[in-house]
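Colleague: I want to learn how to read strand pairing and helix packing. Please take me through a case.

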Protein chains: 2
Amino acid sequence: MSRASQTSAVTDPVTDAGSVTGTARRAKEAAAALAPLPRTARDGALLAIADALVARTDEIVTANAADVAKARAAGIPESTVDRLTLTPERVAAIASDVREVVALPDPVGEVVRGSTLPNGLELRQVRVPLGVVGIVYEARPNVTVDAAVLCLKSGNAVLLRGSSSAYASNTALVAVLRDAVAAAGLPADAVQLVPGESRDSVKELMRARGLVDVLIPRGGAALIRAVVEESTVPVIETGTGNCHVYVDGRADLDTAVEILVNSKAQRPSVCNSAETVLVHADIADAFLPRALTALTEAGVTVHGDEAWVRAGAAEGVKVVPATDEDWETEYLSYDIAAAVVPSLDAAVAHIRRWTSGHTEAIVTSDTAAARRFVSLVDSTAVMVNASTRFTDGGQFGFGAEIGISTQKLHARGPMGLPELTSTKYVVTGEGHVRD
Amino acid sequence: MSRASQTSAVTDPVTDAGSVTGTARRAKEAAAALAPLPRTARDGALLAIADALVARTDEIVTANAADVAKARAAGIPESTVDRLTLTPERVAAIASDVREVVALPDPVGEVVRGSTLPNGLELRQVRVPLGVVGIVYEARPNVTVDAAVLCLKSGNAVLLRGSSSAYASNTALVAVLRDAVAAAGLPADAVQLVPGESRDSVKELMRARGLVDVLIPRGGAALIRAVVEESTVPVIETGTGNCHVYVDGRADLDTAVEILVNSKAQRPSVCNSAETVLVHADIADAFLPRALTALTEAGVTVHGDEAWVRAGAAEGVKVVPATDEDWETEYLSYDIAAAVVPSLDAAVAHIRRWTSGHTEAIVTSDTAAARRFVSLVDSTAVMVNASTRFTDGGQFGFGAEIGISTQKLHARGPMGLPELTSTKYVVTGEGHVRD
């Protein structure tokens with residue numbers, strides 16, 4: 001019997017306590033109570049959370065140790081275990097991040113646009129919370145606090161559905177969060193863990209249309225695809241990054257090498273790292289040898305087209321022949337696909353065909369090429385003479401980030417607090433009617 | 001054999017001409033060609049459309065006459081036939097509306113936000129077209145031109161899936177639009193009619209994820225629900241309006257009667273007309289008799305709770321006893337549900353339970369009540385001392401409207417040209433890499 005079915009076995013058929021739908025219903029009620037609260041009330045809850053995380057560190061670390069032991073026993077790679085691990089120092093760092101969110105501007109109540117209409121009606125479009133935000137994520141327990149705090153700051157109730165490998169940690173963290181929220185006078189149900197560890201609980205969450213306002217999946221491509229395909233709750237697609245660096249025919253070679261290596265190797269496991277490099281034929285003879293040397297030094301394996309394989313042979317560097325699978329793959333490792341293209345437009349065509357729409361960079365000293373690349377590439381972010389690694393809420397100065405949207409509706413790119421809101425129109429008259 | 005299966009029988013398996021997917025693929029190519037075009041090119045195409053509609057009026061009216069004859073033969077109500085009918089005058093009016101769209105500000109290229117980051121990177125968030133917009137709509141052929149023109153103005157390719165009852169009219173109109181677009185030097189495939197008249201073609205459209213960027217259903221609640229439930233393409237939900245007027249305990253009676261009657265009866269068939277009136281108990285004795293008289297004079301049937309039924313009996317006006325179905329129904333007719341509530345909060349609770357989230361109005365002279373109602377009601381638009389009928393892109397001064405979104409993501413309320421765009425981040429450096 002799985003843990004999930006044990007969970008559903010304790011669901012009370014009358015109160016629906018323990019069911020995902022019941023959880024969502026309570027979240028909707030909490031959201032209604034949160035929406036009209038002023039900033040001070042929400043910030044007060046966040047400060048209470050920061051204090052409680054520090055005060056109850058032992059409890060959190062003990063719960064986490066159980067997850068870590070289970071992960072080690074299951075033979076999970078040490079890098080993943082490290083991402084799962086909470087130490088007192090890490091808990092303190094999480095609490096400190098919470099205090100930084102308190103200091104961010106309040107998105108709720110911002111007047112996005114407004115005017116007095118010719119008939120005297122006063123029109124205001126005002127930011128309001130979305131309502132109930134569901135987050136489905138993997139591994140890292142710090143996301144539990146992070147997501148909850150950003151949702152509360154923006155006036156939303158949150159439903160957290162973390163990885164089963166972090167279930168004990170998340171349970172402990174959410175207990176601390178709920179106590180702190182309640183102590184600050186806000187409804188505890190503004191923060192809830194989705195009950196159950198099986199895929200069924202995610203399915204139930206995806207069908208809670210009318211109770212959950214948006215679902216944000218954060219994690220691997222398979223998770224995101226499943227949520228996008230099956231959810232009747234609106235979804236914000238995040239994260240997958242098959243990012244490209246295009247080295248134009250008129251690029252400074254040193255700059256190009258530096259941007260390429262930084263885009264690929266500065267932190268290969270994240271979504272804004274580069275997965276493919278495209279090089280204009282005019283510059284290939286000069287650039288490929290230097291790029292191969294620098295990539296090899298950085299520990300990167302090149303999966304190249306014929307031109308790259310030939311250049312590799314000349315330099316004594318092994319280049320793996322690339323297939324269509326390489327153009328398509330988000331390696332998230334020290335691998336890069338590489339091709340030579342006859343023109344900027346050919347680079348754009350390659351990108352349009354294979355990109356996940358995250359981030360593409362051009363390296364060029366030619367203003368016309370930069371302008372054309374920016375206008376033709378249809379991705380979340382286009383970098384001109386800068387590393388793909390800059391697509392990030394922190395780097396963009398948003399102060400916080402709930403994820404990076406790769407879709408076009410609602411939010412595109414790093415999502416800060418404003419992206420966790422909707423708007424409503426408030427129209428004030430003095431007995432106005434239509435003719 | 002249905003017309004739809006005839007259509008799919010002529011689908012060429014290699015070119016996929018005639019299939020919905022093939023149409024969507026060509027739309028995506030057209031969108032890529034449209035995106036980098038400057039305003040003058042798009043406006044030129046719109047002017048060419050306006051001219052062509054006038055020049056080819058005969059052709060359009062002749063095709064429309066066939067639809068009208070078919071509708072009459074099928075015994076369709078004369079009011080629906082009227083909505084279907086195109087006369088030379090109506091075609092001229094449509095062409096004139098197109099010229100007004102030309103004059104609207106260009107949303108594409110607008111810098112939504114921008115800054116220079118501490119490291120010197122220049123960050124700009126720029127409006128870009130969504131790409132391919134699918135519109136599924138009913139009856140009126142003027143929507144064909146309207147939707148196409150708003151999409152082109154905002155740099156999008158459009159897939160039009162109108163009602164089968166307007167198939168001949170839409171075919172003629174789209175032929176005119178495509179010729180004009182091509183004559184102006186833009187790709188004709190920026191405007192396409194979705195082939196096939198059966199529900200299957202809508203289903204195929206809803207599954208064209210990756211080709212179609214957004215689907216906007218415009219029409220009855222059943223159509224919208226089906227699209228929302230089944231589509232893997234992102235949807236913007238429009239239109240359903242179960243709107244409320246709340247008459248507070250401190251309301252001017254004349255103002256309240258005028259706003260109520262205008263909200264209900266000025267044009268009952270549209271989504272922003274009121275379907276329920278809620279009256280504070282403190283004012284019920286004074287208000288109900290006056291409201292009943294005014295509503296009856298306007299030809300409105302009241303479906304009321306006990307208090308309203310009693311008031312009706314006293315006034316000699318027949319009030320139909322209301323059931324839960326009445327609170328839920330979008331009548332779109334000369335009917336209104338009516339209840340007396342003990343408090344503003346009870347009115348809000350009723351609204352939160354039954355509303356479709358379109359528009360709610362409060363009539364009050366009490367600033368605290370107005371403020372509380374605005375903050376607690378979670379709908380697209382909240383009117384203070386104004387008719388619900390003002391929720392409209394034209395009334396709001398947007399100059400055009402593709403529909404009224406009742407969802408929270410991306411766009412909420414009347415959608416003008418900016419709501420038909422997404423954004424991308426353009427980040428410009430001089431060799432910037434991350435540490």
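Colleague: How many bridges join strand 2 of chain B to strand 16 of chain B?

Modeller: Strands of a sheet pair through backbone hydrogen bonds, either parallel or antiparallel. Here strand 2 (residues 122-129) and strand 16 (residues 421-432) of chain B run antiparallel, joined by 8 bridges. Strands are DSSP runs of E, at least two residues; helices are runs of H or I, at least four, and both are numbered from the N terminus. Two strands pair if DSSP finds at least two bridges between them. B:V128 stands opposite B:S422 in strand 16 of chain B.

Colleague: What should I know about the model and numbering?

Modeller: This is a predicted model: local features need pLDDT of at least 70, side-chain atom pairs count only at pLDDT 80 or more, and totals for chains, interfaces and linings use all residues. Residues are numbered from 1 along each chain as its sequence is written, chains are lettered from A and ligands numbered from 1 in the order written, and side-chain values use heavy atoms, leaving out hydrogens and water.

Colleague: At what angle do helix 3 and helix 8 of chain A pack?

Modeller: Two packed helices are described by the angle between their axes and the distance between the axes. Helix 3 (residues 39-55) and helix 8 (residues 167-183) of chain A pack at about 135 degrees, axes 8 Å apart. Axes are lines fitted to C-alpha atoms over the stretch in contact; angles run from 0 to 180 degrees between N-to-C directions. That makes helix 3 of chain A oblique to helix 8 of chain A (under 35 degrees is roughly parallel, over 145 roughly antiparallel, 65 to 115 roughly perpendicular, the rest oblique).
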